[in-house]
Each structure stands twice: as C-alpha cells, then as structure tokens.
Amino acid sequence: YILKNKKKSLNSSAKKPLRDEVSKAMKKYFKQLDQQNLPIDVYQLVLREVEPPLLNAVMEFSNHNQSKAAKILGINRTTLRTKLKKYKISE
C-alpha cells in the first residue's frame, strides 16, 4: 500500500524530468554525429549507459536487498541478478 502511494507520487513528479533529460541527451548525441555515418544499435548503447547507474541507485536505495530492488524495478529477482553480474555490480 505504501509502495503504491510512493510510486504514484514519484511517477508524477519524476517521470517528465527524466524523459526530458533523456530527450536532451539523445538530441545532443545525434547532433554530434557525422551525417555520413549513421549510428547502429542505439537502443543497446542507451541501455549500456543507463542500466548500470539505475541498478546501482536502486541497489543502494534498497540497502542491497535484491528482492526489494527487483520489486522496485518491476523485474524478476533472477533477471536482476543476471544484470548485476553483466555489469559487475556487487550484489
């Protein structure tokens, strides 16, 4: 119950600024590119850049409790463990 209320308040206040920052970063990224060389795998590039700091922040917030972190992220605990290993983030 408390988590749901927090989720609503966090989403309403934090969702737009994060979206805006990502949009700004992507515009800056594309602006810096040479128009002759189109980027590839931009989706994977963004995930590799965004996932590690996201995982670190959530792990710290959850006091390194993987079950709690997985719930906060909305992913399975096994998926979280796989991602932590992938990015060599201490469990």
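This is a predicted model: local features need pLDDT of at least 70, side-chain atom pairs count only at pLDDT 80 or more; totals for chains, interfaces and linings use all residues.
Let's start with α3, which covers residues 66-73 and has Gln 66, Ala 69 and Ala 70 as its buried residues. Look down the axis of α3 and those buried residues fall within an arc of 100°, so they line one face of the helix. As for partners, the buried residues of α3 pack against α2 (42-61) and α4 (77-86).

The two ends of α3 are worth a look too. At its start, Asn 65 reaches over with a side-chain oxygen, to within 3.1 Å of the backbone nitrogen of Ser 67. Just past the other end, Gly 74 takes a positive phi of about 75°.

Now for the charged pairs: the model has 2 salt bridges. One joins Glu 51 and Lys 83, whose closest N and O atoms are 2.6 Å apart. Glu 51 belongs to α2 and Lys 83 to α4, so this pair ties together parts that are 32 residues apart in sequence. Glu 51 counts as buried, at 12% relative accessibility, while Lys 83 is partly exposed at 23%.

The other salt bridge links the side chains of Glu 21 and Lys 24, at 3.4 Å from N to O. Both residues sit in helix α1 (residues 2-32), 3 residues apart, or about one turn of the helix. Here Glu 21 is partly exposed, with a relative accessible area of 45%, and Lys 24 is exposed, at 52%.

Technical notes. Residues are numbered from 1 along each chain as its sequence is written. Side-chain values use heavy atoms; hydrogens and water are left out. Buried means under 20% relative accessible area, exposed over 50%, partly exposed in between (1.4 Å probe, protein chains only). Helices (H or I, at least four residues) and strands (E, at least two) are DSSP runs, numbered from the N terminus. The arc is that of the directions from the helix axis to the C-beta atoms. Contact means heavy atoms within 4.5 Å. A polar contact is a pair of N or O atoms within 3.5 Å; within protein, one must be able to donate a hydrogen and the other to accept it, and residues adjacent in sequence count only if both atoms are side-chain atoms. A salt bridge is a side-chain nitrogen of Lys or Arg within 4 Å of a carboxyl oxygen of Asp or Glu.
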